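Here are some worked exercises on how parts of a protein model meet. Keep the structure open beside you and try each task before reading its solution.

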Amino acid sequence: MIFEYAPAPESRSVVTLRESYGLFIDGEFAPAASGENLTSLNPADETKLAQVAVAGPEDVERAVAAARRAQETVWGRMSGAERGKYLFRIARIVQERSRELAVLESLDNGKPIKETRDVDLPLVAAHFFYYAGWADKLAHAGLGPDPKPLGVAAQVIPWNFPLLMLAWKIAPALATGNTVVLKPAETTPLTALVFAEICQEADLPPGVVNILTGAGDTGRALVEHPGVDKVAFTGSTEVGRQIARSVAGTDKRLTLELGGKGANIVYEDAAIDQAVEGIVSGIFFNQGHVCCAGSRLLVQESVADEVLTRLKERVARLRLGDPLDKNTDIGAINSAAQLERIRELTEAGEAEGAQRWSPACDIPESGYWFAPTIFTGVSQAHRVAREEIFGPVLSVLTFRTPDEAVVKANNTPYGLSAGVWTEKGSRMLWTAERLRAGVVWSNTFNKFDPTSPFGGYKESGYGREGGRHGLEAYVG
Amino acid sequence: MAERRGGKKAGKGGAAGAAQAPAVPARLAVRKIYKLYLGGAFPRSESGRSYPVTSNDGTHLANAALASRKDAREAVAAARKAFGGWSGRTAYNRGQILYRVAEVLEGRRDQFAARAVAAQGLSRARAEEVVSAAIDRWVYYAGWTDKVAQVVGGANPVSGPYYNHSAPEPTGVVVVFAPQNAPLLGLTSVLAPVIATGNTAVVVASETAPLAAVDLAEVLATSDLPGGVVGLLTGRVPELGPHLASHADVNALDLTGAGRDAVAFEEAAAQTLTRVVRPGPGADAGEEAWLDPDPGTSRMTPFLETKTVWHPVGV
């Protein structure tokens, strides 16, 4: 007997959107000096959600000045214990408003409510809670007897985990006594603007947190502003290179969390059912819009057929559709531009000779959607094995020996994440030791925690976010 | 051969040179040809070039090899080849080898002190202080090899049934632009932390005072340090630096001795997200700026990556 799922949509009523949002500077919302705006769409149906201001150089100037003033007059002078209490307060308000934020994040980003509700929002609150506790304990962090804040931090974040990336940036910066000017992504600005309201609700002193919405030009003006002491960026490797170049010759400190092409290695002795679940969450979690996704499956030849058969059976059961439906596994692709990039790379995969497979899958008529896709017969030279696709597309390669698995896994300019599936502890540790990646998930994948440092080797960037290590980026 | 000129004999020649008959020495000294140190051997530059090195007062000391772009690439290739083995050694073993460097250097302290007097014009007492500090610096980092992981790594108390820990790993191949005015202690202070942590290094020696670096390479070569772990280039920073800074197989740069080129090298490094340590405030100072006996972890952590490993806990 087959039971069909009935629709189970989460209510939108918990979200009250304004028609338009200004920039959040010095504790107040204000329109951009240029009066320019952009519209944030719901990627699931292409309807307009709200207008947001586009910050230009004058607005950047104002925000950096406000942040500087707040850092020097209030935030940098406050005791760590009091700073921490503001962060605890923010964590609590986030928890209190988490349903609203989860629904809004799903609307603006297209990711399933099950993920925003169960992953993004709990991690956001936990991140603030975690760094709140550090604020009065910095002398014990192994960063010197009296670590000093750097000053004003310019922070630019991506669209894949909008509020979570905001938390990763703002919580450690504030805990260490810095003030921030943060630019959310062009396509997902809305939860950051609600976060600005939360700062007001928490009575956070004006200027400590400033939010500038806009696109690439806004981000460039912000990171290149001579008045910032620290730049933190999460996004593409290409933009990361530009930023690294732009800070050369300045005193700005820089941390970068960039792209990835994570290898997920499945040995023949792995628990196959668990591995299949891990492969699925590794690449189809958040539509594959994950820098640390396990986008290359490396499966030992002896079990490749069995793993692939079971993987396809599992993927055929993934439910794609309305992000607000509580049963949805795969939501919308975040933007038309990203959808175009995924299409281009998957077409290149076919053209280069890899075999493409997707399950039968109803695609909604409006909005941006891409069916879960698996490429087999992939060689290391194929673009789908080398380039970050940032979509629900898995490339499958095989190997015979552990040495070959490690060599193939490391054969990439990236080094953010990797996975290992084996029931043998010594083999797991042997493999983990040799993988040139900042996070290794063994017999699990895509797990995150505020106490756990995250960041890449090689061209996946430098610096770590999370844990005691995450403080280092914000103190001098 | 434009860079090369005949050696001016120290204390001889001059205006009255023609008046005296040349004295026959009791024994002719055996001069050392200063060469590069690549892959554990001491080759000349493939370019066949060398350049004169003088003391602070202008006396010719020797010629040093003038390394080329190709020598720089060879050094990177050798350092990459050595990385797997060196980073795979136990921390204890690396510590023993660094300690061995100190032992061998101690045996040659008179030679190093005499050279520092001749080359830099230091007083004998200051030269001995500098050499002693350099020896002690190797001992210092020998002791760090098996401690730094516990100091900067650890267990992470994640909220869930997972074992989770973070540990430092070496970044890879590090290009070290050695301090220009601190040819022995300064060089030791920037090089020892790089290899203590399991990285391999390509050193661009002080351009004007490269001889101590070559002498030090002889110490490294006889201390069980595997070939390729340290490569030494002598020559021009503006000639070698651009190729090293933009080299895709270089993982990090220490720009301490890069001088005016530091900004250009940092820009070039951005292309492959090469880690960069900018020149610090004392980068141009002499050996005395490097005397602090406890430099801490600050020259190790920039060349370490943090790896975090997760595993579920269950039965």
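**Exercise 1: a strand pair across two chains**

Val440(A) has Val309(B) as its bridge partner in E10(B). This is a predicted model, in which local features need pLDDT of at least 70 and side-chain atom pairs count only at pLDDT 80 or more, while totals for chains, interfaces and linings use all residues. Residues are numbered from 1 along each chain as its sequence is written, chains are lettered from A and ligands numbered from 1 in the order in which they are written, and side-chain values use heavy atoms, leaving out hydrogens and water.

Task: find in which sense, parallel or antiparallel, E17(A) and E10(B) pair.

Solution. Start with the terms: strands (E, at least two residues) and helices (H or I, at least four) are DSSP runs numbered from the N terminus, and two strands pair if DSSP finds at least two bridges between them. Next, locate E10 at residues 304-312 of chain B. E17(A) pairs with E10(B) in the parallel sense, over three bridges.

**Exercise 2: the interface of chains A and B**

Task: describe how many residues meet between chain A and chain B, and which salt bridge you can find there.

Solution. Step one is to count contacts (heavy atoms within 4.5 Å): 43 residues of chain A touch 34 residues of chain B. Step two is buried area, the accessible area (1.4 Å probe) that two parts lose on being put together, summed over both. Here that is about 2900 Å², with 50% from carbon and sulfur atoms. On the chain A side, Arg245(A), Arg436(A) and Tyr457(A) lose the most area to chain B, together 16% of what that side buries.

Step three is salt bridges (a side-chain nitrogen of Lys or Arg within 4 Å of a carboxyl oxygen of Asp or Glu). There are two between the chains; one of them joins Arg464(A) to Glu305(B), at 3.5 Å from N to O. Finally, look at the elements: H8 (237-247), H14 (425-434), E17 (439-442) and E18 (461-462) of chain A each give two or more residues to this side, and H8(A) gives the most, with six.

**Exercise 3: two domains of chain A**

Task: which residues form the salt bridge between domain 1 and domain 2 of chain A?

Solution. First set the bounds, which come from an automatic or database domain assignment: domain 1 is 20-258 + 458-474 and domain 2 is 263-442. Their C-alpha centres lie 30 Å apart. The rule finds one salt bridge across this interface: Lys114(A) with Asp329(A), whose closest N and O atoms are 2.4 Å apart. On the domain 1 side, helices H3 (98-109) and H4 (113-134) each give two or more residues.
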